[in-house]
Structures are given as C-alpha cells and as structure tokens.
Amino acid sequence: MKHLLSVLVENKSGVLSRVTGLISRRGFNILSLTVAPTEDETLSRMTIIVEADEVGFEQITKQLHKLVSVFKISDLTEQDAVERELVLFKVTATPERRHELIEIANVFRAKVVDVGKNTLTIEATGTQSKLDAMEGLFRGYGIRQLTRTGKIAMARGGHDS
C-alpha cells in the first residue's frame, strides 16, 4: 500500500540523507519525495510517499520518531488532505497544431511558459489524476520532455500536519 507522510524536520544539512537512508536501509522504496523550508526557517517539511505493508509502515514511523532531527510525523494517507503536484511538459507543437495544445492547456488551467520554434512548454499543477490525463492527451502530439515535482500535501481545515 502507498503511504503519504508529512514529516517536520530540522532544516539543516544531513537530515534528508538520514531520513531517506533510514527508509531505504529497511528495503522500502520511496516513490515520491519533496522537501522545502516551512514558515519557520529552522524547519523543513518532507512529503514522502512510500510503498509498504502496515507492519513495514509502522516500522518506518517508529524509526523516524527516534531521529533527533525529526519533530513531527503525520500520516496523511487516510486523512482529508490537499494534495498537489507540479509538472512541466515540453510538447512537439508545429505552428499548425499549436492552438490545439493551447486549448488543452486552457481546459486544464495550465499555462504556456515557453514557446520554441516547434515546441511548447506547459506548466500545470493539480492532482496526480489530472496531470496523468494531461500527459495522456499530450502523448498524442509527442512529449519531448517531462518533469514532475512529486506530491506535496497538507491536512485540510484546522488539522496541522
């Protein structure tokens, strides 16, 4: 099962390595990882998606709690949370078909961020299913390059994560 973790950690060098090393040493694969400073510059939030059964997931969280630089772990897997991802698509766009790609981008509330002689670069944010749907449509035109950030998440409403 995929588990979505929000981990509040100390914002200093070596913390990312210790957290990812702890997970990978136990044989678990990190499917997605994003890290950035929070509103408090001394802290960073790690959003981690890991594939593990319940026993393995419990082992991961118990071991993370033992790290001095980890302050809080929130399991957002079953919580009501806002989840987003960012993607950049570089799509083949002949002048004759460019308007079609711009229309697709508009339908998904994406924006064109670069125009080349025969390409468009399109930026989009949203849920994984929205971005997967865009990717499916753009594949018909020819995706030259694609990069995704990985998921970020935050508990909805008054819940802190």
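Me: Hi! Leaving aside neighbours within four places in sequence, which residues is serine 69 in contact with?
Reply: Hello! Serine 69 is in contact with Leu8, Val9, Glu10, Val15 and Arg18, where contact means heavy atoms within 4.5 Å. A word on the source: this is a predicted model, so local features need pLDDT of at least 70 and side-chain atom pairs count only at pLDDT 80 or more, while totals for chains, interfaces and linings use all residues. Residues are numbered from 1 along each chain as its sequence is written, and side-chain values use heavy atoms, with hydrogens and water left out.

Me: Thanks. Where is serine 69 found, and is serine 69 buried or exposed?
Reply: Serine 69 is in the loop between α2 (54–66) and β4 (70–75). Helices (H or I, at least four residues) and strands (E, at least two) are DSSP runs, numbered from the N terminus. With a relative accessible area of 3%, serine 69 is buried. Buried means under 20% relative accessible area, exposed over 50% and partly exposed in between, with a 1.4 Å probe and protein chains only.

Me: Switching topic: how is the chain divided into domains?
Reply: There is domain 1 (2–78) and domain 2 (82–155), with bounds from an automatic or database domain assignment. Their centres, taken over C-alpha atoms, are separated by 29 Å. Seven residues from domain 1 and eight residues from domain 2 make up the contact.

Me: And what area is buried between domain 1 and domain 2?
Reply: About 580 Å², with carbon and sulfur atoms giving 60% of that. Buried area is the accessible area (1.4 Å probe) that two parts lose on being put together, summed over both. On the domain 1 side, Leu4, Thr34 and Leu76 lose the most area to domain 2, together 53% of what that side buries.

Me: OK, on to α4. Which residues of α4 are buried?
Reply: Leu131, Met134, Glu135 and Phe138. Down the axis of α4, these buried residues fall within an arc of 100°, so they line one face of the helix; the arc is that of the directions from the helix axis to the C-beta atoms. They pack against β5 (81–92), α3 (98–107), β7 (119–126) and β8 (143–148).

Me: What does α4 reach from its first C-alpha to its last?
Reply: Helix α4 (residues 128–139) has 12 residues and reaches 16 Å, close to the 16 Å expected at 1.5 Å a residue. That expected span is 1.5 Å times one less than the number of residues.

Me: How many aromatic pairs does a search of the whole structure find?
Reply: One. Phenylalanine 89 and phenylalanine 138 are edge-to-face, 5.0 Å centre to centre and with 70° between the planes. Rings of Phe, Tyr and Trp (its six-membered ring) pair if their centres lie within 6.5 Å; planes under 30 degrees apart count as stacked, over 60 as edge-to-face and the rest as tilted.

Me: Where do the two partners sit?
Reply: Phenylalanine 89 is in strand β5 and phenylalanine 138 in helix α4, 49 residues apart, so the pair links distant parts of the chain. Phenylalanine 89 is buried at 1% relative accessibility, and phenylalanine 138 is buried at 0%.

Me: Last one: what is phi of arginine 109 near?
Reply: Near 55°, a positive value in a residue other than glycine. Most residues other than glycine have a negative phi. Arginine 109 is in the loop between α3 and β6 (111–115), exposed with a relative accessible area of 78%. Alanine 110 lies in the loop between α3 and β6, but is buried at 10%.
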